[in-house]
Amino acid sequence: MSVTVFIQGRNGATRWQPGKRWLLLPVLLIAAGTGVYQHNAKQLEQQQTSVDNERVAREDQKHQLIELKGATESQLAMLVTHVARMQAKVARLEALGQQVAKDYKLEDQFDFSSEVGVGGLSELGSNIELDQLIQDMDRLVSRIDNNNVQLSLLETVTSNLHIDDERYISGRPIQKGWLSSPYGLRNDPFNGRRTMHKGIDFAGKEGTDVVATAGGVVTWSGNMFGYGELVEIDHGNGLRTRYGHNKSLLVAIGDVVAKGESIAKMGSTGRSTGPHVHYEVLRGGQQIDPQKYVYRKAG
């Protein structure tokens, strides 16, 4: 059976006979529904993927925080250990300063009895008080500053206690050798005339150590006419010593030398007939007889 349908249009009625095409309508409706379902399912899948990605990102952040916490605790533990070691070192310095002050009977003037730090590890755990550690570090810095001031003062005092002993001229300018020519008038070894010998000669083996007879500052180290290779040392209070005819020099101008320190090697440079050291003592720039300094007891 066929069905005829008349549709009223602008140009009059039109006849339409669909026949079996009406059977396609359910199929079209089902297809449309399927498309909507697939679209919604795709949206849900995208949303689920976004949620999963967010969850993974949160897990990564969590692991990063855990790693950061562990690294921070490890660094903090190392810092605590470092501070403990510094405290131990400061304690040793304080003990040394106290002992030096005691040796020189200066313990009443210098106080190294501040709180002694203890070294070594303690229970660190997860409840370390960072503020407490910072306070410990601040106290340690204060102790170091205080000790630096006191140790500097103590060094100055002890240096002044030693300076008179160091500047005290005594003894021979050689470790091995013998006196070969005294201070005073003698026959010049080159022309035979009577001349004034303004020092004392000590002969020995070439290369023998020449030593300072007192502590002081080197004011000359080099060649000087007649003296050959010469070392001159200023001992303060207007006193200087000279060491001439050396083979080589071991000090330079401006060096601070101690009593008994090697300053040159014995030689025969300048106006000399053989290996020896020409030793002079000057007071106010004038040579004086070194004999009383050579043979007097050490200060």
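Student: Which residue lies over the face of Tyr168, and at what distance from the ring centre?

Tutor: A charge counts as sitting over a ring if NZ of Lys or CZ of Arg is within 6 Å of the ring centre and within 35 degrees of the ring normal. Here Arg296 lies over the face of Tyr168, at 3.8 Å from the ring centre. This is a predicted model, in which local features need pLDDT of at least 70 and side-chain atom pairs count only at pLDDT 80 or more, while totals for chains, interfaces and linings use all residues. Residues are numbered from 1 along each chain as its sequence is written, and side-chain values use heavy atoms, with hydrogens and water left out.

Student: How many helices and strands does the protein have?

Tutor: Helices (H or I, at least four residues) and strands (E, at least two) are DSSP runs, numbered from the N terminus. The protein has 3 helices and 14 strands.

Student: What share of the residues counts as buried?

Tutor: Buried means under 20% relative accessible area, exposed over 50%, and partly exposed in between, with a 1.4 Å probe and protein chains only. Of the 299 residues, 28% are buried.

Student: What share of the contacts between residues at least 6 apart in sequence joins residues at least 24 apart?

Tutor: A contact means heavy atoms within 4.5 Å. In this protein the share is 63%.

Student: Which residues have the most contacts inside the largest nonpolar core?

Tutor: A nonpolar core is a set of buried Ala, Val, Leu, Ile, Met, Phe, Trp, Tyr and Cys residues joined through side-chain atoms within 4.5 Å. The largest one has 23 residues, and Ile233, Tyr243 and Ile263 have the most contacts inside it. Strands 6 (200-203), 9 (228-236), 10, 12 (262-266) and 13 (276-283), together with helix 3 (291-295), each supply at least two residues of this core. A second, separate core of 6 residues includes Leu76, Val83, Val90 and Leu133.

Student: How many aromatic pairs are found in the whole structure?

Tutor: Rings of Phe, Tyr and Trp (its six-membered ring) pair if their centres lie within 6.5 Å; planes under 30 degrees apart count as stacked, over 60 as edge-to-face and the rest as tilted. The search finds 1 pair. Tyr243 and Tyr279 form it, tilted, at 5.5 Å centre to centre with 45 degrees between the planes. Tyr243 is in strand 10 and Tyr279 in strand 13, so the pair ties together parts 36 residues apart in sequence. Both tyrosines, Tyr243 and Tyr279, are buried.

Student: Is Arg242 buried or exposed?

Tutor: Arg242 is buried, because its relative accessible area is 12%, under the 20% limit. Arg242 lies in strand 10 (residues 239-249). A polar contact is a pair of N or O atoms within 3.5 Å; within protein, one must be able to donate a hydrogen and the other to accept it, and residues adjacent in sequence count only if both atoms are side-chain atoms. The side chains of Arg242 and Tyr227 make such a contact at 3.1 Å.

Student: Which side chain does a polar contact join to that of Gln287?

Tutor: That of Glu280, at 3.3 Å. Gln287 is in strand 14 (residues 286-288). Its contacts beyond four places in sequence include Tyr183, Lys198 and Arg242. Gln287 and Lys198 are 89 residues apart along the chain, with C-alpha atoms separated by 6.1 Å.

Student: Where does His276 lie?

Tutor: His276 lies in strand 13 and counts as buried, at 9% relative accessibility. A polar contact of 3.3 Å joins its side chain to that of Ser272.
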